[in-house]
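Subject: A structure for you to look at

Hello,

I am passing on the structure we talked about, and I hope you enjoy looking through it. Please open it first and then read the notes below.

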Amino acid sequence: MSARYVVDEKGERREVILPVEEYERLRVAGEETEKMSRHPGVVFEGPPKRRRASLFGSVFDVWEIVDLYRGKGRERLFAEHPISERQLQVALDYYEANPGEIDAFIEEDDRPVEYWQRKYPDLNITVREF
């Protein structure tokens, strides 16, 4: 990382000037750190432009737990998926604090298969009915 500094009349560093990409990376890392400190049990995963809140020690993202909870309810969720009461509560608390973030992932996941076929025409998307 290269940075330039703004110095005062004594030559002491007062500010740092970073490349935009590095600033954005640090800004996002700071936001994620703040969210994790407010919601112990939440971690962030994924590539830089597709980061998502996940549950530590779980295969699930927060949005998946919220979506499953809405669709199946508490009892079926616990019966059918490896998730604890604590993990569910962490996911619901995170959702309550960040509904727009989580709803955006749920909305994206609910798009019809035709949307994904148009978006990624080179993928061989097969739909199986169960």
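Predicted model: local features only at pLDDT ≥ 70, side-chain atom pairs only at ≥ 80, totals over all residues.

Residues are numbered from 1 along each chain as its sequence is written, and side-chain values use heavy atoms, with hydrogens and water left out.

**The two domains**

The chain splits into domain 1 (1-38) and domain 2 (40-119), with bounds that come from an automatic or database domain assignment. Their C-alpha centres are 31 Å apart. Where they touch, 5 residues of domain 1 are in contact with 8 residues of domain 2, contact meaning heavy atoms within 4.5 Å.

The two domains bury about 580 Å² between them, and carbon and sulfur atoms give 55% of that area. Buried area here is the accessible area (1.4 Å probe) that two parts lose on being put together, summed over both. On the domain 1 side, Glu 32, Lys 35 and Met 36 supply 82% of the area buried against domain 2, more than any other three residues.

Which charged side chains meet in a salt bridge with a distance of 2.7 Å, N to O? They are Glu 101 and Lys 35. A salt bridge is counted when a side-chain nitrogen of Lys or Arg is within 4 Å of a carboxyl oxygen of Asp or Glu. The rule finds 2 salt bridges across the interface of domain 1 and domain 2. By class, the side of domain 1 that touches domain 2 has 1 nonpolar, 1 polar and 3 charged residues. For these classes, Ala, Val, Leu, Ile, Met, Phe, Trp, Tyr, Cys and Pro count as nonpolar, Asp, Glu, Lys and Arg as charged, and the others, Gly among them, as polar.

**Other salt bridges**

The salt-bridge count comes to 14 by this rule. One of them joins Glu 31 to Arg 27, with the closest N and O atoms 2.6 Å apart. Both residues lie in helix 1 (residues 20-38), 4 residues apart, about one turn of the helix. Helices are DSSP runs (H or I, at least four residues), numbered from the N terminus. Glu 31 is partly exposed, at 38% relative accessible area, and Arg 27 is also partly exposed, at 32%. The cut-offs are under 20% for buried, over 50% for exposed, and partly exposed in between (1.4 Å probe, protein chains only).

Asp 103 and Arg 70 form another salt bridge (3.1 Å, N to O). Asp 103 lies in helix 4 (residues 99-109) and Arg 70 in helix 2, so the pair ties together parts that are 33 residues apart in sequence. Asp 103 is partly exposed at 28%, and Arg 70 is partly exposed at 45%.

There is also a network of salt bridges that links Asp 8, Glu 12 and Arg 14. Within it, the side chains of Arg 14 and Glu 12 meet at 3.1 Å, N to O. Arg 14 is exposed, at 53%, whereas Glu 12 is partly exposed, at 39%.

**A residue in a loop**

Is His 81 buried or exposed? His 81 is buried, with a relative accessible area of 18%. His 81 sits in the loop between helix 2 (62-80) and helix 3 (85-97). Leaving out residues up to four places away in sequence, His 81 touches Phe 60, Leu 68 and Lys 72.

Best wishes

How values were computed
Helix = DSSP H or I, 4+ residues; strand = E, 2+ residues; numbered from the N terminus.
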